Amino acid sequence: MTSRDIEIIEFLQKYKCATTTMLSKLFFPSRHACYKTMSRLYKAKKVMRTRMVQGSINCEYIYHVKKLSTQMRHQLTVTWFYYKWSIGHNITSYYIEKQIGDIVPDAIFTYIENGKQITGILEVELSKKGFDYMKYERFYATRSYLKYFNEMPSIFILGNANIPTGLRCNYKVYVIDEYLK
């Protein structure tokens, strides 16, 4: 196994799953090199893979090291955000499901923008019930965020979220359908 093979396996252990496209952009000089390496790792039983659309031979694989849970789309969305955000930003840390007080966001990440380190909180909301923004409003109002951050991070929401105006926290809502293309 190469050092890149080990990096890929560690990445899949941390992020739970990633598509061929994501792995290709993050670890390889070309898509062909990605296919070749991932096929070798799959045949050696170092990684598992599942088609994005079951039964289709024309769509890409989702690679993982553990059995995929029913939350696969949610997990893939967390990885997708890392992949997309890292293209345009220098991500310095990315923690998945790190608890802050009584909140467990999908990820907490830091990145460099204009020479300044910025912290963001990621929430993926795929359900129809809607995003619970009040937990962050309470987190801010009680000043609980000061135990973890110098200032309240922006909350990046991927998916279904109707955020009322006039709230104290900074919410950034993004569409997530792009990774399914």
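Q: How many helices and strands does the protein have?
A: Along the sequence, the elements follow the pattern α-β-α-α-β-β-α-β-β-β-α-β-β. The secondary structure of this predicted model comes to 5 helices and 8 strands.

Q: Which residue in β6 stands opposite Glu 113?
A: Strand β5 covers residues 107–113 and strand β6 covers residues 116–125. The two run antiparallel and are joined by 7 bridges. Opposite Glu 113 stands Lys 116.

Q: What is the strand order in the open sheet of 3 strands?
A: The pairing here is antiparallel. β1 (18–19) and β2 (48–51) each have a single partner strand, so both stand at the edges and one side of each is left without a neighbour in the sheet. The order is β1-β3-β2.

Q: Which residue in β3 is the bridge partner of Thr 50?
A: Strand β3 covers residues 61–64 and runs antiparallel to β2. The two strands are joined by 4 bridges. The partner of Thr 50 is Ile 62.

Q: What radius of gyration does the protein have, and why does it agree with a compact globule?
A: The C-alpha trace spans about 50 × 35 × 25 Å along its principal axes. For 181 residues, a compact globule would have a radius of gyration near 16 Å, and the value for the protein agrees with this. That value is 18 Å.

Q: What percentage of the residues is buried?
A: A residue counts as buried when its relative accessible area is under 20%. The accessible surface of the protein comes to about 10,600 Å², with 48% of it belonging to carbon and sulfur atoms. Of the 181 residues, the buried ones make up 42%.

Q: Among contacts between residues at least 6 apart in sequence, what percentage joins residues at least 24 apart?
A: A contact here means heavy atoms within 4.5 Å. Among the contacts between residues at least 6 apart, the part that joins residues at least 24 apart is 52%.

Key. Residues are numbered from 1 along each chain as its sequence is written. This is a predicted model: local features need pLDDT of at least 70, side-chain atom pairs count only at pLDDT 80 or more; totals for chains, interfaces and linings use all residues. Side-chain values use heavy atoms; hydrogens and water are left out. Two strands pair if DSSP finds at least two bridges between them. The radius of gyration is taken over C-alpha atoms; the globule rule is 2.2 Å times the number of residues to the power 0.38. Buried means under 20% relative accessible area, exposed over 50%, partly exposed in between (1.4 Å probe, protein chains only). Accessible areas come from the Shrake-Rupley method with a 1.4 Å probe; for residues, only the protein chains shown count as cover.
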